[in-house]
Amino acid sequence: MQFIDLAAQQKRIRRQLDERIKKVLDHGQYVLGPEIRELEDKLAAFVDMPFAVSVASGTDALLMPLMAEKAGPGDAVFAPTFTFIATAGAIALSGATPVFVDSDPETFNIDPDELEKSIRKTIAAKKFVPKGIIPVDLFGQPADYRAIQAIADKYGLFVLEDAAQSFGASQNGKKAGALAAIGATSFFPAKPLGCYGDGGMIFTADKDMNEQLLSIRVHGQGTDKYTNVRVGINGRMDSLQAAVLLAKLEIFPEEIELRQQVAGRYDRLLAGAVKIQKVLQENVSAWAQYSVLHPRRDQVIKKLREKSIPTAIYYPIPLHLQEAFSGLGYDRGDFPVAEKIAGEVFSLPFHPYLDEQTQEEIAAAVQSA
Ligand SMILES: *Cc1c(COP(=O)(O)O)cnc(C)c1O
């Protein structure tokens, strides 16, 4: 049994993939080739944002807007502690300081009340100046943008949506990636829309932000390649990855539908046995992961492993307890909800092609454990 079955998907679109890849080999524009522009146009239309900038990874998709916003030393950027390291890593790389926030016990996303408390505490402490917020759409479910945007407006902060796990999701009919002024997503192979390597995309409606991102993507270039108006990075996606994504995009909306069916079946089969991530009424999740809580998680995982059912733990250590951020002075107990989730969470095999019989087998194993 596979945790994520990428081969089943490849089998469906192998011919389209081969054709798309062959075209790149024929034209030879491996960097910023025609596929890049085509993908950016299609994904901008998909999320309904005016501008899309393709980049080399989801991490660059987070870092580049922070650079454009001039987040740096002395600035505080707020992020959930229960997320993948890259969210806060990008903040630290920009020179700003990540300020962690506890999670909502039901949705596992950043808790808006805790966010506001954290902002007020930071203002009172006068050590860092609040600059922005990076909410994460954890496991594919959009964070509570209505509440977060109201707080951001009140304190004059930018909001950068970490949609690395939620591409294809929506909130009140609006697509993930377009739920804040800037959206960042990832096309790492295991994400809902994945390429065959690394890739990412930034979405914005702001023309000036778009221009800055295009410059930052190519070493801070000005009007031509050898005038540099700022310090940038090499943040380009390559044409081969765009070709792969274009082939996959054709079946992506259908896959998002299939993900709802697979998640719905798990919800029914697992009711009562584990605590299931609550998806808010206004949300459609992209189901990057199907994650549940159980107080004796390690025991359950062991029982599943004995039956050759793979599981994963996203994430066993919240970021405030990671060695990388030990200099920030956090302690165990600072974020009780996130710490409890990290101690109980595990993810079950999940992909659009997971069949009912296999799901029943997995659920039966969870029930008996
Ligand atoms: C995967 C991920 C990233 C980083 O994406 P990469 O493409 O791996 O650099 C950032 N944030 C979250 C929440 C992620 O899951």
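This is a predicted model: local features need pLDDT of at least 70, side-chain atom pairs count only at pLDDT 80 or more; totals for chains, interfaces and linings use all residues.
Biologist: Which domains does the domain assignment give for the protein chain?

Modeller: Domain bounds come from an automatic or database domain assignment. Here that assignment gives domain 1 (6-101 + 108-249) and domain 2 (252-368). Their centres, taken over C-alpha atoms, are separated by 24 Å. The contact between them, where contact means heavy atoms within 4.5 Å, takes 36 residues from domain 1 and 34 residues from domain 2.

Biologist: How is a pocket defined, as against a cavity?

Modeller: Both are found on a 1 Å grid over the protein atoms alone. A cavity is a set of points where a 1.4 Å probe fits but cannot get out, and a pocket is an open set with protein on both sides within 12 Å along at least five of seven lines; lining residues have an atom within 4 Å of a point. Grid points are joined across faces, edges and corners, and a volume is the space filled by probe spheres set on the points.

Biologist: Which residues lie nearest the centre of the largest pocket?

Modeller: The largest pocket holds about 530 Å³ of space. Its lining has 20 residues, and Val99, Ser118, Lys121, Thr122 and Tyr330 lie nearest its centre. The elements that give two or more residues to this lining are β3 (97-101) and α5 (112-125), and α5 gives the most, with 6 residues. Helices (H or I, at least four residues) and strands (E, at least two) are DSSP runs, numbered from the N terminus. By class, the lining has 10 nonpolar, 4 polar and 6 charged residues; Ala, Val, Leu, Ile, Met, Phe, Trp, Tyr, Cys and Pro count as nonpolar, Asp, Glu, Lys and Arg as charged, and the others, Gly among them, as polar.

Biologist: Why is the largest pocket said to lie between domain 1 and domain 2?

Modeller: Because domain 1 and domain 2 both give residues to its lining. The second largest pocket, with a volume of about 430 Å³, also lies between domain 1 and domain 2, since both give residues to its lining. That lining has 23 residues, of which Phe84, Ala164, Ser186, Phe188 and Lys191 lie nearest the centre. Helix α3 gives the most, with 3 residues, and the classes are 11 nonpolar, 9 polar and 3 charged.

Biologist: How many cavities of 30 Å³ or more does the structure hold?

Modeller: The structure holds 1 such cavity, and the volume of the largest cavity is about 120 Å³. Of the 17 residues that line the largest cavity, Ile4, Leu6, Gln9, Arg259 and Pro352 are the closest to its centre. Domain 1 and domain 2 each supply at least three residues of the lining.

Biologist: Which residues touch the most other members of the largest nonpolar core?

Modeller: A nonpolar core is a set of buried Ala, Val, Leu, Ile, Met, Phe, Trp, Tyr and Cys residues joined through side-chain atoms within 4.5 Å. Buried means under 20% relative accessible area, exposed over 50%, partly exposed in between (1.4 Å probe, protein chains only). The largest core has 47 residues, of which Leu39, Leu43, Leu115, Phe187 and Phe203 touch the most other members. Its largest share, 6 residues, comes from helix α8 (residues 239-249).

Biologist: Is Asp48 buried or exposed, and what of Phe108, buried or exposed?

Modeller: Asp48 is exposed, with a relative accessible area of 65%, whereas Phe108 counts as buried at 1%. Asp48 lies in the loop between α2 (34-47) and β1 (51-55), and Phe108 in the loop between β3 and α5. Neither is a glycine, yet phi is positive in each: near 65° for Asp48 and about 70° for Phe108.

Biologist: Which residues are joined by a cis peptide bond?

Modeller: Tyr314 and Tyr315 are joined in this way, with omega about 5°. Tyr315 lies in the loop between α10 (297-306) and α11 (336-344).

Methods
Residues are numbered from 1 along each chain as its sequence is written. Side-chain values use heavy atoms; hydrogens and water are left out.
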